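My notes follow the order in which I checked things.

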Amino acid sequence: VEAALSIYLENFATSLSSREQLAIADFAKSLLVIPKTLAINAAKDSADLVAKLRAYHNSSQTKKEHVHLKNCGLDLYEGQVRDNKKAAVFEPAISKIKSLKF
């Protein structure tokens, strides 16, 4: 969820031409702290994993034929990006939305 939101906000920030662009871009960057920290704590290559995750989510948001990639997430046991829907891993979106609002 965080990586997908980060990509969306970065793309949205580029459409603005005011100081809000900087704030939104920085907030988008800060959302990536969560998957980076999870990968580091699992003793995995966080730079590689997060880069792949961002690439998948960017592709899912920009190319209609890659919309299936929107469910990608980190598999920290194997150290790879996987389809979390196929792996039956679901995130509590309601609690994440509430935490972002406050």
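**Before starting.** I am working from a predicted model. For each pair I looked up two values, since packed helices are described by the angle between their axes and the distance between the axes.

**Helix 1 with helix 2.** I began with helix 1 (2–13) and helix 2 (residues 20–31). Their axes lie 8 Å apart, and the packing angle is about 165°. An angle over 145 degrees counts as roughly antiparallel, so helix 1 is roughly antiparallel to helix 2. I noted the crossing as left-handed. On the helix 1 side, the residues in contact are Glu-2, Leu-5, Ser-6, Leu-9, Glu-10, Phe-12 and Ala-13. Helix 2 answers with Gln-21, Ile-24, Ala-25, Phe-27, Ala-28, Lys-29 and Leu-31. Sorted by class, I have nine nonpolar, two polar and three charged residues here.

**Helix 1 with helix 4.** Next I asked how helix 1 crosses helix 4. The two axes come within 9 Å and cross at roughly 60°, which makes helix 1 oblique to helix 4. The crossing is right-handed. From helix 1 I listed Ala-3, Ala-4, Ser-6, Ile-7, Tyr-8, Glu-10 and Asn-11, which meet Leu-53, Arg-54, His-57, Asn-58 and Gln-61 of helix 4. This contact holds five nonpolar, five polar and two charged residues. Ser-6 and Glu-10 turn up in my list for helix 2 and again in the one for helix 4.

**Helix 2 with helix 3.** Here the axes are 5 Å apart and the angle is about 25°, so helix 2 runs roughly parallel to helix 3. Lys-29, Ser-30 and Leu-31 of helix 2 meet Val-33, Ile-34 and Pro-35 of helix 3. I counted four nonpolar residues, one polar and one charged in this contact.

**The largest pocket.** I then looked up the volume of the largest pocket, and it is about 590 Å³. Its lining has 26 residues, and Val-1, Cys-72, Gly-73, Asn-84 and Glu-91 are the closest to the centre. Which elements give two or more residues to the lining? They are helix 1, helix 3 (33–41), helix 4 (46–62), strand 1 (72–75) and helix 5 (93–101). Helix 1 gives the most, with five residues. By class I wrote down 15 nonpolar, five polar and six charged lining residues.

Helix 1 keeps coming up in my pages: it packs with helix 2, crosses helix 4 and gives the most to the pocket lining.

Conventions
Residues numbered from 1 in each chain as written. Predicted model: local features only at pLDDT ≥ 70, side-chain atom pairs only at ≥ 80, totals over all residues. Heavy atoms only, no water. 1 Å grid on protein atoms, 1.4 Å probe; cavity = no way out; pocket = protein on both sides within 12 Å on 5 of 7 lines; lining within 4 Å. Points joined across faces, edges and corners; volume = space filled by probe spheres on them. Helix = DSSP H or I, 4+ residues; strand = E, 2+ residues; numbered from the N terminus. Nonpolar A, V, L, I, M, F, W, Y, C, P; charged D, E, K, R; others polar. Axes fitted to C-alpha atoms, helices over the stretch in contact; angles between N-to-C directions. Parallel < 35°, antiparallel > 145°, perpendicular 65-115°, else oblique. Left-handed = near helix turned anticlockwise from the far one by under 90°. Contact = heavy atoms within 4.5 Å.
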